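Trainee: I am new to this one. Please take me through it.

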Amino acid sequence: MSSGTSSTGMTGNTTLITNIASLVTNDPSLGDGSPLGLIQDAAVVIDGDRIAWTGDSREAPATDNRVDAGGRAVIPGFVDSHSHLVFAGDRTQEFNARMSGRAYSAGGIRTTVAATRAASDEELERNLIRHLDEALRQGTTTFETKSGYGLTVEDEARALRIASAHTEEVTYLGAHIVSPDHADDPAAYVALVTGEMLDACAPYARWIDVFCEKGAFDGDQARAILTAGRAKGLHPRIHANQLSYGPGVQLAVELDAASADHCTHLTDADVDALANGRTVATLLPGAEFSTRAEWPDARRLLDAGATVALSTDCNPGSSFTSSVPFCIALAVRDMGMTPDEAVWSATAGGAAALRRTDIGRLVPGARADLVLLDAPSHVHLAYRPGVPLAAAVWRKGVEVFAGPGRRPGAER
């Protein structure tokens, strides 16, 4: 079919979503040829848990089921590649004080550490599921999450065990801050993080992360931690250059980290390194919003040729939002991104930050993760900030959320 693309041999239970006003495929070989690969008056065929066909609605093949999109837009499910969702407690007082004039620093993490250690496994998992459901209702179909609020061997391992039951993108962040138990001996804590704690946590994780920042871990400590994790089969990612200029970004590129996250304070050399390496610059505007900090300069990174992802950084201290659409709106309003760039970065960009090619795109063979927006265009995600626009969400080919007036799995 000249106007569409397909995989061969549809064999499972198939569903056609048709009457799509605008389809974001993130494949520049399709549709209008832009990075979003926009197809107008489009249709998508789901076969099992995969995309089987995309193209002009008039050319769509026959399927078992049919859904009428009603002239709405369809986009890939959001890929939230940076979150901290295994925690307990609340930091409302800290946020209130900060909004009343107190500066943000890394020290507030200790408050969450104490609450998380005191919580039961059931409490931690219940809180995790609550935030996952909240994110799903807004269109997030893939998420990464980290440990980092236990900072003991037992508490870090249980955080990752709980997380691994809900996502394959699990990150060991024993190096969030120096544990309060080792405040007088940071070297001993680094030895724990790279030794016994790593051994206990590695079976549950895909990634290893470190907060490379004043008040947390310096460049030498971060290198030792990430190198130890890599020797155990965990791939590096890093909290880099959030609160000040530092070695984090250069270290990320040196170690081929999948992502350098925050990237707020960058030198020209940092930008050049990101543009010339495989490391994705993951920007987290919720953190700047919630701390009244300087915004990352997405325009500078994009113009240099760096790959940019957008994520929520959902955590109880510095970015307590699970809303990728909110972060898209912030990136467009305050970080120099166009609506097209922001949507790409929250979908395909997030996938790149997780080194995944099966998500973040709507092309044959990709996982059938998609969002039906209650709007005719993806631009409404920035144009209508704060408005819940997810009319329906499919994950792995199953309709898992439906907004008012639509039942999950209902044919139209």
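Mentor: Start with exposure: buried means under 20% relative accessible area, exposed over 50%, and partly exposed in between (1.4 Å probe, protein chains only). The model is predicted, so local features need pLDDT of at least 70, side-chain atom pairs need 80 or more, and totals for chains, interfaces and linings use all residues. Residues count from 1 along each chain as its sequence is written, and side-chain values use heavy atoms, without hydrogens and water.

Trainee: Is Phe320 buried, exposed or partly exposed?

Mentor: Look at its relative accessible area, which is 43%. That value lies between the cut-offs of 20% and 50%. Therefore Phe320 is partly exposed.

Trainee: And Phe87 and Tyr149, buried or exposed?

Mentor: Phe87 has a relative accessible area of 1%. Tyr149 stands at 2%. Both values are under 20%, so Phe87 and Tyr149 count as buried.

Trainee: How many aromatic pairs are there?

Mentor: Rings of Phe, Tyr and Trp (its six-membered ring) pair if their centres lie within 6.5 Å; planes under 30 degrees apart are stacked, over 60 edge-to-face, the rest tilted. By this rule the count of aromatic pairs is 4.

Trainee: What kind of pair do Phe87 and Tyr149 make, and how many residues apart are the parts it ties together?

Mentor: Their ring centres are 6.4 Å apart and the planes stand at 75 degrees, so the pair is edge-to-face. Phe87 sits in the loop between β6 (78-80) and α1 (92-99), and Tyr149 in the loop between β8 and α4. Helices (H or I, at least four residues) and strands (E, at least two) are DSSP runs, numbered from the N terminus. The parts tied together are apart in sequence by 62 residues.

Trainee: How many residues separate Phe87 and Phe320?

Mentor: These two also form an edge-to-face pair, 5.9 Å centre to centre with 75 degrees between the planes. Phe320 lies in the loop between β15 (308-310) and α12 (324-334). The pair links distant parts of the chain, and the separation is 233 residues.

Trainee: Which residues do ring pairs link into a cluster?

Mentor: Phe87 pairs with Phe320 at 5.9 Å. Phe87 also pairs with Tyr149 at 6.4 Å. The linked cluster is Phe87, Tyr149 and Phe320.

Trainee: Which residue is the bridge partner of Lys146 in β9?

Mentor: Strands pair if DSSP finds at least two bridges between them. Strand β8 (residues 145-146) and β9 run parallel, joined by 2 bridges. The partner of Lys146 in β9 is Thr171.

Trainee: How many residues of strand β9 are buried?

Mentor: β9 spans residues 170-175. The strand is mostly covered, and the buried count is 6 of 6.
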